[in-house]
Amino acid sequence: MSTSEVRAHRLALPDEAATARLAAALAPMFTPGDLITLSGALGAGKTAFARYVIRQLSGDFRLDVPSPTFSIMQVYDTPRGRVIHADLYRLSGSGELGEIGWEDASDNSILLVEWPERAGEDLSGQRLELSFEIDPANPSGARHVTIMPHGTWPDRISRALQIAGFLDAVGWAGARRVHLQGDASSRRYERLIDGGRSAILMDSPKKPDGPPIRDGKPYSRIAKLAEDVVPFAAIALVLRAQHFSAPNILAHDLDRGLLLVEDFGGEFVVKDGKHIPERMEAAVDLLVDLHTRALPSEIALERHKHIVPHYDIEALMIELELLLDWYLPHLRRAPTDEQRDVFLKHWNGVLTPIVQGPQTWVLRDYHSPNLMWLPDRDGVRRIGLLDFQDAVIGHPAYDVVSLLQDARVDVSENLEMNLLSRYVTRRRASDPGFDPLNFAAAYATLGAQRATKILGIFVRLAIRDGKQGYLKHLPRLIAYLDRDLAHPVLAPLRDWYIQAVRK
């Protein structure tokens, strides 16, 4: 649906529970800066809808949300951002908005506004407009609502209604929906709670191809990034068949990018901001196990087929350019053409042996935010695996260094070396052909590649997407990079980094 197309949706709300479900369906789409106007006669259901939205956004389903009729505005600080619930009934015109401090209060907030017509044309721009009506056949409880999306709202509302229809079709329509903090991608996650059962909703619509940046291909295709949910479902299928703890897929709509998956709970390999050695050891042992298995490069999934891509030199190199394009300009050290050429030449030289070396499945985001702790299971099955849709075929050292040089949580050099020794010892025991010296060189090389890439990604997230919190991780990444660049195989690159990054 085009973002310029306005399509009205008229829905029946037979009871207040239906109003609550509508709020649960729409609230996940609301972000700071959004304006949602609520119109209708007294008693039509405006305040009830706003109350359920605010509870949904706050995650507190018993939160007291009084009508703002007399206070005019009520402010709520929620995990999803600040929410302003306003009732403009007592205003006589738009001129009074300034008197109540509307402009300052509403800046970068989610705005839920009852009686918006009292503000005249001031609230008539890009907005989500909901008009409530009392059902004359059942005035005590039934309502109708007409949803009119303006501006960029049509796509979001269409998506919200698709998700509601999906949950209805798979028997989860009445579940309480709790927003979960997601990863750095555009995917959204919710925990669904329905009586004694729970599940995780993954909302990941197919991404449109970005602009071509090289050889007619967009960045995502060059870097081998998943563009829909099929890779996640396919990789999960194989991991579970190999007796690893990937989430069971309970229901899916692959074409629309919707998955309902097993809920692993809320315990990670990190606890209170620290890596737990027992859990990290299990995560290392899982990689040893995974790296000794013969895994398929093609996976059949219903009428789909997923081909696990190779983490080739082109993908590794395009990721490295994020440092040149984002991190160095952030330091006001935009590279010269000569610096760029030298950087790419040296990296091409050290990565060539990597792509020609041992190959296995690389889950690619194998680090603490994606590793759950499942103490009721045995052995490596105690590690619950998430976020593996970008899995590729590449060098086994990549996932090891992803785990042991965690971008978001400090890993001491002592713990890193102990766990690395554990991996190497166990790989040698299970594979007589395993070469520790070559692995150490690959570990340092891919650690430096990964730190370089993530420096660029975190700056891009801060500058392009406004996610400033990622900048706090940059010193940790620099420390890891210094460790990796100390390896002799990276000597030419170490000199480049000293000149371009450190000087």
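Predicted model: local features only at pLDDT ≥ 70, side-chain atom pairs only at ≥ 80, totals over all residues.
Residues are numbered from 1 along each chain as its sequence is written. Local features here need pLDDT of at least 70, side-chain atom pairs count only at pLDDT 80 or more, totals for chains, interfaces and linings use all residues, and side-chain values use heavy atoms, with hydrogens and water left out.

Let's start with the layout. The sheet is open and has five strands in the order E8-E9-E10-E12-E11, with antiparallel pairing. Strands E8 (176-180) and E11 (249-253) are at the edges with a single partner strand each, so one side of each has no neighbour in the sheet. On average, neighbouring strands are turned by 20 degrees against each other, direction ignored. Helix H6 (residues 230-241) packs on this sheet and touches E10, E11 and E12.

A few terms: strands (E, at least two residues) and helices (H or I, at least four) are DSSP runs numbered from the N terminus. Two strands pair if DSSP finds at least two bridges between them. Angles run from 0 to 180 degrees between N-to-C directions, with axes fitted to C-alpha atoms, for helices over the stretch in contact, and contact means heavy atoms within 4.5 Å.

Here is how E10 pairs up:

| Partner of E10 | Bridges | Direction |
|---|---|---|
| E9 (residues 188-194) | seven bridges | antiparallel |
| E12 (residues 258-262) | five bridges | antiparallel |

Towards E12, Leu-201 has Leu-260 as its bridge partner.

Is E10 (residues 197-203) largely enclosed or left open? Five of its seven residues are buried, so the rest of the structure largely encloses it; buried means under 20% relative accessible area, exposed over 50%, and partly exposed in between (1.4 Å probe, protein chains only).
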